[in-house]
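Here are some notes to read alongside the structure. Take them one at a time, and keep the picture open as you go.

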Protein chains: 2
Amino acid sequence: MKTFSQDCYLGVLGGMGPMAGAAFALRLAALTPAAIDQQHIPTLLRNDPRIPDRSSAYMAGGASPLPHMVDGVRFLEQSGAQLIAIPCNTAHLWYDEIAASTGLPVLHIIQAVADDLRRLGLSSGRIGLMGTAATLKLGLYQKHLEAQGYECIVPNDDEVERYCMGSIRAVKGNRLEEAFAPAAECIALLKARGADAVVLGCTELPLAVPHALRASLGVTLTDSIDALARAAISHYQADQPEALIAA
Amino acid sequence: MKTFSQDCYLGVLGGMGPMAGAAFALRLAALTPAAIDQQHIPTLLRNDPRIPDRSSAYMAGGASPLPHMVDGVRFLEQSGAQLIAIPCNTAHLWYDEIAASTGLPVLHIIQAVADDLRRLGLSSGRIGLMGTAATLKLGLYQKHLEAQGYECIVPNDDEVERYCMGSIRAVKGNRLEEAFAPAAECIALLKARGADAVVLGCTELPLAVPHALRASLGVTLTDSIDALARAAISHYQADQPEALIAA
């Protein structure tokens, strides 16, 4: 990585949830090939947990998060962001509207996960999905992965509520010690149904399943936080406008 | 914690280094008593690694980070920050100048560590110090802790270079697996010289010494990232202007 010129940032619309937004910034730094501070990607993280709950909006007619997300992206753009990342899977139900509201490129977390599956050697196969009830019910992953040749295995409604939402709510409520068991249960269940890999398709789930415990689960996992971080790093490595980088 | 009203933020001047800035945001979320996203502290993290190296400026006459830090605080203030945190110990060599440049309260990381020592039950005693060569040589901790009745135990120059700077550079260079051993060596050495507690007085050092391994080191540790996060949380809990919080 080269040294970045002033006044450019990766803009991160975080807060959905706040621990996931911060974890994205941490994994971005950890996965960046950098030997000193100055080679890391300058990042502006608006970690604003006041954005109305995405699941409640879709599933229970709650306040829409869209105006808040559009405001957030506008703030990041005005502050010098040249690329936007949104470390929240459910927020991508509004991806088209968000992308239409800004002239900046907006990374797509589901596409980042699909790219990560290929990085992990899976260009086809059965993919087990974990995420919020809204993400799974509205087919956010199914639509994208099936179009790219994957077959999706989705937990039933009871399993989503018990295992996925149980784990996600524990992370959001700072009860990390309660978050692993239900997530691990769901991973085992998807593996037993034939999944070649399991998507941690809500940015709380990678926090529920610590990196150190993943090998013990016996199935390939793709982590939507890490996948989005890798997509941001690839953007800067491969595709960056000259202006981003000092000579 | 209550729900925050719009347009207020904890402004975080990060990037020094970037992993420490992100880890601060993560630990802030983890340590906040919150049951749902909306009860977390809204945070704006300017994680800008382009700020010139603090140690090089003091120790080798490198470019001063002060103008960059003042710019960063001004940006945070203009973006709605109502409180500033700077998760970098060495940056606090310029604390007075930074605090004078803004009307906002600026948390002091060394004071946060002193408060944390008292939280840990140590209101006097011998405190082993770890940090950058600049932080230790210029007596940043010694000045504050001795004024509050503590006695400081400081590694010699060779030990600072080998153990503290060795560990810090490994974190900054994303070689976390090489960061633990030199840090643990220094902790053991300070304990052997009579330290009642050891200060991880550089925000890279808590990343070098994972929480899961701390109990095995056999001495009380205070972590400057966690201490600063606790100071921010205390500010919002105890001392917040009414305007910060929605009814």
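1. Let's begin with the layout of one chain. This is a predicted model, and the domain assignment of chain A gives domain 1, made of residues 9-108 + 227-244, and domain 2, made of residues 110-223. The C-alpha centres of these two domains of chain A are 21 Å apart.

2. Next, see how the two domains meet. In chain A, 21 residues of domain 1 are in contact with 25 residues of domain 2. Together the two domains bury about 1,800 Å² between them, and 63% of that is on carbon and sulfur atoms.

3. Now for the polar side of that domain boundary. Between domain 1 and domain 2 of chain A there are 10 residue pairs in polar contact, both residues being at pLDDT 80 or more. On the domain 1 side, the elements giving two or more residues are helix 1, helix 2 (54-60) and helix 12 (224-238) of chain A. The residues on this side divide into 12 nonpolar, 6 polar and 3 charged.

4. How many salt bridges does the rule find across the interface of these two domains of chain A? The count is 1. A:Arg230 forms a salt bridge with A:Asp116, and their closest N and O atoms are 3.8 Å apart. As background, side chains of opposite charge can pair when their charged atoms come close.

5. Turn now to the two chains. Here 45 residues of chain A are in contact with 45 residues of chain B. The area buried between chain A and chain B is about 3,300 Å², with carbon and sulfur atoms giving 52% of it. On the chain A side, the residues that lose the most area to chain B are A:Leu26, A:Asp37 and A:Arg50, together 22% of what that side buries.

6. One of those residues deserves a second look. The rule finds 4 salt bridges across the interface of chain A and chain B, and in a salt bridge the side chains of A:Asp37 and B:Arg54 meet at 3.1 Å, N to O. Over all chains, the count of salt bridges comes to 30. The pair of A:Asp37 and B:Arg54 crosses between chains, from the loop between helix 1 and strand 2 of chain A to helix 2 (residues 54-60) of chain B.

7. Which element of chain A gives the most to the side that touches chain B? There are 21 residue pairs in polar contact across this interface, both at pLDDT 80 or more. The elements of chain A that give two or more residues to its side are helix 1 (18-31), strand 2 (43-47) and helix 3 (66-78). Helix 1 of chain A gives the most, with 9 residues.

8. Strand 2 of chain A and strand 2 (residues 43-47) of chain B pair in the antiparallel sense over 5 bridges. Within this pairing, A:Leu44 stands opposite B:Arg46.

9. Finally, check the backbone. Most residues other than glycine have a negative phi, and most peptide bonds are trans. A cis peptide bond joins A:Met16 and A:Gly17, with omega about -10°, and A:Gly17 lies in the loop between strand 1 (9-14) and helix 1 of chain A. A:Asn174 is not a glycine, yet has a positive phi of about 60°; A:Asn174 lies in the loop between helix 8 (157-172) and helix 9 (180-192) of chain A.

How values were computed
Residues are numbered from 1 along each chain as its sequence is written. Chains are lettered from A and ligands numbered from 1 in the order in which they are written. This is a predicted model: local features need pLDDT of at least 70, side-chain atom pairs count only at pLDDT 80 or more; totals for chains, interfaces and linings use all residues. Side-chain values use heavy atoms; hydrogens and water are left out. Contact means heavy atoms within 4.5 Å. Buried area is the accessible area (1.4 Å probe) that two parts lose on being put together, summed over both. A polar contact is a pair of N or O atoms within 3.5 Å; within protein, one must be able to donate a hydrogen and the other to accept it, and residues adjacent in sequence count only if both atoms are side-chain atoms. Helices (H or I, at least four residues) and strands (E, at least two) are DSSP runs, numbered from the N terminus. Two strands pair if DSSP finds at least two bridges between them. Domain bounds come from an automatic or database domain assignment. Ala, Val, Leu, Ile, Met, Phe, Trp, Tyr, Cys and Pro count as nonpolar, Asp, Glu, Lys and Arg as charged, and the others, Gly among them, as polar.
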